[in-house]
Amino acid sequence: LTALLSGCGGNSKPQSAGQVVPPAASSSQIPAEKEASLTYYLPTEDGLHILPATVKVKAADRTAKTAIEEMLRADRKSKYPLVPAGTRLKSVHVEDGTCTVNFTKELNQLQGETGQSLFIAMTVDTLTEFPNIKRVEFRVVGQLVKFQIDMRRQFLRDEAFIRQTKK
């Protein structure tokens with residue numbers, strides 16, 4: 001047993017593959033017990049714009065994944081849900097300012113260019129609330145999303161759809 005333990009890497013710290021701890025999220029700067037605001041976007045009832053919504057979460061839960069999950073949850077509870085029933089978030093991956101967001105196959109059922117544009121706007125604007133995310137790529141089960149809009153490109157924040165106050 002001693003022989004097995006003695007060859008285990010000396011001073012190196014164990015890390016799991018894919019684990020990323022951003023400096024701003026270190027426990028010495030933001031205690032996990034503290035609350036943080038998380039902003040996501042939802043379509044207006046008229047389906048022409050999006051509105052920001054804010055929810056309080058634990059500071060440790062202020063992540064892109066949680067923001068999209070809150071966006072989907074709030075959309076499902078709205079009077080006129082935009083996102084197809086059963087749509088869930090599979091994964092969020094951020095690298096070099098680009099966020100790849102991967103949904104379940106139900107997202108491909110979202111019909112109409114207006115609805116698809118609103119979904120893109122609310123998702124991109126939700127994710128780009130995080131300073132480390134500049135661009136967003138969409139996937140459904142790892143493949144290109146089947147929308148009328150060209151989904152092969154990366155989307156940048158576009159505030160044209162945002163209505164700041166309800167009218």
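A contact here means heavy atoms within 4.5 Å. Among contacts in the protein chain between residues at least 6 apart in sequence, 60% join residues at least 24 apart. The model is predicted, so local features need pLDDT of at least 70 and side-chain atom pairs count only at pLDDT 80 or more, while totals for chains, interfaces and linings use all residues. Residues are numbered from 1 along each chain as its sequence is written, and side-chain values use heavy atoms, with hydrogens and water left out.

**Fold**
- The protein chain holds three helices and six strands, where helices (H or I, at least four residues) and strands (E, at least two) are DSSP runs numbered from the N terminus.
- Along the sequence, these elements follow the pattern α-β-β-α-β-β-α-β-β.

**Burial**
- Of the 167 residues in the protein chain, 39% are buried, that is, under 20% relative accessible area with a 1.4 Å probe, protein chains only.

**Second largest pocket**
- This pocket, an open set of points on a 1 Å grid over the protein atoms alone, with protein on both sides within 12 Å along at least five of seven lines, has about 440 Å³ of space, counted as the space filled by probe spheres set on the points.
- Its lining (residues with an atom within 4 Å of a point) has 20 residues, of which Pro 43, Thr 44, Glu 45, Asp 46 and Leu 51 lie nearest the centre.
- Strand 1 (35-43), strand 2 (50-58) and helix 2 (64-77) each give two or more residues to this lining, and strand 2 gives the most, with three.

Notes: Buried < 20%, exposed > 50% of the residue type's maximum accessible area, 1.4 Å probe, protein only. 1 Å grid on protein atoms, 1.4 Å probe; cavity = no way out; pocket = protein on both sides within 12 Å on 5 of 7 lines; lining within 4 Å.
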